[in-house]
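Please take a moment with the sequence and the structure shown here, and then follow a short walk through a few of the places where parts of the chain meet.

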Amino acid sequence: MILASLVIGASFVASSLLTDFPVWGGQAIRFTAAALVLSALCGRRWRIVQTWSAGVWLRIAGLAVTGMLGYNAAIITAERTAEPAVPGAIVGCAPLAVVLLSPLLQARTPAARGLVAAGLVVLGTYVVQGFGRTDASGLGWSTVALACEVAFTLLAASTLTLTGPLLASACASGMAGLMAGATAFAVEGTSWLRIPHTSEAAALAWQAVAATAIGFLCWCRGIDQLGTERSALFLGLIPLSAAATAPLVGTGQLSVAQLIGCLLVAGGLALGMSRMAGSREAASRQGPG
């Protein structure tokens, strides 16, 4: 989960190098390339796909729409009228939302320790990101991005038990690539079929291999192994990674407030990953008998 959070956070910095590249075309390249990388790793696992029901494929499509296309489209649209800190701060509430909703969907009471841990992570994320200027549209689309992130995390928990992390990542990336490609032709025509510049190619390669293939796969494995609630706490590491890598490309600098935010997120993770929180969720995953 830590590796996934770090590479996904760094992808926000990579996105700053793609301001002149067609948005949906870039997403199509990113997800298609990631699907090819992940498909090569699947090997004989592809045989299992033949046994999947229509319901499983609908779940995979849900992962592609919420965690890939929907989330990115909402962020892109929000940043047209809002400063980047706005969607960052709102999406940073995802750990608390997941820790609240996941137990309720399983007809149990949220654990107090988990709520406190998620609260610390959200507070730390807010300290790192701050909050910028926006209008109703920016605020609304930022909320859509939050909903997509929460929906993806909750949906992944029930999907991965049926498919496994690797096949789910490969298939969801492939679907996202096809959807983004169709959208690119409809919205951007053929303008995105140009050869990217050196910096654009490097950014697309990072997003495809690191952020999507490696990051998405590690994230799915983390959800599968840790459970929904504890894995959601690691969402707080994404803005920390973005803040730490921004100075490397000259798009930001670290501050005392960001360091304080890092400590708050670390405290929330330590509390949430403690034995008590782990045993509570382990019991819930086993179910009633």
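Predicted model: local features only at pLDDT ≥ 70, side-chain atom pairs only at ≥ 80, totals over all residues.

Residues are said to be in contact when they have heavy atoms within 4.5 Å of each other. In H8, the residues Phe-152, Thr-153, Ala-156, Ala-157, Leu-160 and Thr-161 meet Phe-216, Trp-219, Cys-220, Ile-223 and Asp-224 in H10. Sorted by class, the residues of this contact are eight nonpolar, two polar and one charged.

Two packed helices are described by the angle between their axes and the distance between the axes. For H8, which covers residues 136-163, and H10, which covers residues 198-226, the axes come within 9 Å and cross at roughly 75°. Since angles of 65 to 115 degrees count as roughly perpendicular, H8 and H10 are therefore roughly perpendicular to each other.

On the side of H4 the contact is made by residues including Trp-57, Ile-60, Leu-63 and Met-68, while H9 contributes, among others, Ala-168, Cys-171, Ser-173 and Met-179. Which classes of residue make up the contact of H4 with H9? The residues there divide into 15 nonpolar and one polar, with no charged residue among them.

As for accessibility, Phe-185 is partly exposed, with a relative accessible area of 44%, whereas Trp-192 is buried, with a relative accessible area of 11%.

The last stop is Gly-92, whose place is in the loop between helix H5 (85-91) and helix H6 (94-105). Is this residue, Gly-92, buried or exposed? Gly-92 has a relative accessible area of 9% and is buried, because the word applies to values under 20%. If its neighbours within four places in sequence are left aside, Gly-92 is in contact with Val-122 and Thr-125. The C-alpha atoms of Gly-92 and Thr-125 are separated by 5.9 Å, although these two residues stand 33 residues apart along the chain.

How values were computed
Residues numbered from 1 in each chain as written. Heavy atoms only, no water. Buried < 20%, exposed > 50% of the residue type's maximum accessible area, 1.4 Å probe, protein only. Helix = DSSP H or I, 4+ residues; strand = E, 2+ residues; numbered from the N terminus. Nonpolar A, V, L, I, M, F, W, Y, C, P; charged D, E, K, R; others polar. Axes fitted to C-alpha atoms, helices over the stretch in contact; angles between N-to-C directions. Parallel < 35°, antiparallel > 145°, perpendicular 65-115°, else oblique.
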